[in-house]
Amino acid sequence: MDSASGRKLLGFRQIAQEKLQHVFYSIPSEKDLIIEPALIKPLEHVCGASWLRKKGIDKIFKFDSKNPPPKRKQFVYLITSSLLTFKSVLDQISGYQSQTSSMMEPDIRNKQYHVLVLPSVLASFEHLLEEEGLHGIVELYNFQWDFLLLDESLLSLELPNVFADVFVRKDTTPLGSIAQSIRIFNLIMGKPHLVFSLGENAEKILHMVQRMEAAKRPNVGGKENATGKVDQPEKEPEYSAMLILDRDRDYPACLLTPVVYCGLLLEIQPLNSGSLAVDGEYNKIKNGKLAFLQEQNAAAASKQQETTSLRMSGAQDMIYLEHRYRHFSEVISLLSAQAKALGLEGKAYTREMKLHEMKEYVTHKLPKVAAAKKELFKHLRLCETIVEEIGANFEKHQMIEESILTNTNRKQIMNYILELLSSDAHRYNTLRLICLYHVTIGLTGEDMTRLMTGYLNAFGYRHLSLFHSLFQARLFPDTTNLSKTKILSQISIPTLKTPFQIEANKLKQLPTDANDTATTATTPTTDRDGGLTGGVQSTGGSVAAGGKTCPSYVFNGNYIPLVTQLTNLIFAASSFDNLNTRLGHLERLKVSGRLLTASGQPGDHTQCAPRSIKELSASSHKVALNQLLPFKEKTMFIFIVGGITYAEIAACHLLERTIGAKIVLSSDRIIAGHDLIESVVNC
């Protein structure tokens, strides 16, 4: 990323600070800050403790509903828009009020309690405030930090529960906050020439952005508009195109197990705003298994280890920067070599040193070596955990996932899942494999009953309702419409393509399915439609060393994420007619942007509603679109609604280097398949 773009992306932090500062300055005198624990790490990307103290914050407390801090002065709460959390805050405030009510009446002109809600105050908050009798005593504020820069070309809104709210509960409230952040992005970076959206929620976000921009467009010098003011000409955009994608448009990219190092890190440890926990006792695999399966590790658990954190940022961790997108099999050997090199370096400086040499070494070299060893130890601990928890069954699991993608060996797939449920069931990952099976192949009524029974027998029938939640997110069949199709389920047609395979093959997302032979393919090929078709899978089923030339390597050569393939097809289009040939079959893929105005005239600032590629190919905009493509500068901003995975990030960054593009990826949060299923289970 060039320095100008990098500075502009850092500007989001300054905007967030200005918003926070405005709230603090509106509250007179000193105050104490009480922050919800989940928001501590994200807030570190906005400001530090010293900055907060300069803005009038005296003490900072972690919110604990059972242990309230002593009441000294005004309280400022920073919480997420969870009604349960807000109720706990009000209960705490009621406790403070009961202690002081006997001494004095509260002065509603100088409110003592202020609650900042991320990303926005819900209508239910106002009703609850009145029900609790605290209206006029507590002041509510909207606060949103917009995009946080977690790593180079990687942004996140760090909004909790977006997938569960939008895709499971069908609550579109979070979409307004996302639209507001994208509007801020357009103000800073300039509105892209073309904006692509794929998915119902992505389209809703674009409609919201257009309405916001129409209502808040600045008018200074130029042509008069309907209000009698004049329009300011828009600045040239930093990014030629924008792509907004719904998570449910590409579930396999989230449900498949990645092979890249950064992706596997999220498979074993939770991530909070770019910080990964390094804990030898707790990990996602252990936490999701049944209690009796953990008894054998009770002795090992008695050895307590200090919990530290790893910043998944190339700017702050050089080891992570070097290895984040590598195949995990390469990382272990490279980290071992680094450990040996550091050990030899330490020994070399302790032999036959003169006094001044020893002083130089202790002053300058030794602290750097010690710091490097400490960081390397974190990575070695994480690699050890990956090998212990998922290494033994990894190859077989990869083979099963490949069979699911290619719709082969259905009996073997079912037997594998049923075996997991009976002997090594995992609360989220086993369910994740079942959902992958349904999304790609489709579950028959008989198979659905067997899998549901196996899961409920393992984890209890209290989880029966979660299958309805999975159905709401299109991850499982409708359990209310069980049909006995035993005869049809016994018919096996190996060459039959599922709807998923038909769609994926049109976009060349399945290298293993496209290449029916077992020959090794280490270089990608581009077909006549511009899609990446080459695989990186060797005959042994593992990615060839140094053969990371196709984005499918993030899934062992089995699958190219949809967001990567769409980006490549858009950049490779030589004209809009060519783009229509490649992507015209995607009816849900809509196009808008600054180039497309309601009248089709350059001077008009009224944006055209998002329309499909086929519709635009028969409209008056076709000439302008043909002139725009191919893009002179291959720059794109990507946002995924419902969470983005490190596998998708790695695939897009490989494409970026391959075609010489500049791609910035963002989402409401960074997730793994485990996190997606967990959010549905906890709905």
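pLDDT is the predictor's confidence in each residue, on a scale from 0 to 100, and the views below all come from a predicted model.

View 1. The mean pLDDT of the protein is 83, and 80% of its residues reach 70 or more. Over residues 219–223, however, the pLDDT is below 50, although this stretch still has 17 contacts in the model beyond near neighbours in sequence. Residues 534–547 likewise have pLDDT under 50, and here the model has 46 contacts beyond four places in sequence.

**View 2. The whole protein, its elements and its surface.** The protein holds 29 helices and 18 strands, and of its 683 residues 54% are buried. Among the contacts between residues at least 6 apart in sequence, 75% join residues at least 24 apart.

**View 3. An open sheet of 5 strands with parallel pairing.** The strands follow the order S2-S1-S3-S4-S5. Strand S2 (57–62) and strand S5 (138–142) stand at the edges with a single partner strand each, so one side of each lacks a neighbour in the sheet. From one strand to the next, the twist averages 20 degrees. Within this sheet, strand S3 (residues 74–80) and strand S4 (residues 113–118) run parallel and are joined by 6 bridges, and Thr80 has Leu118 of S4 as its bridge partner. Helix H5 (residues 123–131) packs on the sheet, where it touches S3, S4 and S5, and the direction of H5 makes about 175 degrees with that of S5.

**View 4. Helix H8 and the elements around its buried residues.** Helix H8 covers residues 200–216, and its 17 residues should span 24 Å at 1.5 Å a residue; the end C-alpha atoms are 25 Å apart, which agrees with that expectation. The buried residues of H8 are Asn201, Ala202, Glu203, Ile205, Leu206, Met208, Val209, Gln210, Met212 and Glu213. An α-helix has 3.6 residues a turn, so residues three or four places apart point the same way.

**View 5. Arg657 in helix H28.** Arg657 lies in helix H28, which covers residues 646–659. Because exposed means over 50% relative accessible area, the value of 54% places Arg657 among exposed residues. Thr549 is 108 residues away from Arg657 along the chain, yet the C-alpha atoms of the two are separated by 9.9 Å.

Note on methods:
Residues numbered from 1 in each chain as written. Predicted model: local features only at pLDDT ≥ 70, side-chain atom pairs only at ≥ 80, totals over all residues. Heavy atoms only, no water. Helix = DSSP H or I, 4+ residues; strand = E, 2+ residues; numbered from the N terminus. Expected span 1.5 Å × (residues − 1). Buried < 20%, exposed > 50% of the residue type's maximum accessible area, 1.4 Å probe, protein only. Contact = heavy atoms within 4.5 Å. Pairing = 2+ DSSP bridges. Axes fitted to C-alpha atoms, helices over the stretch in contact; angles between N-to-C directions.
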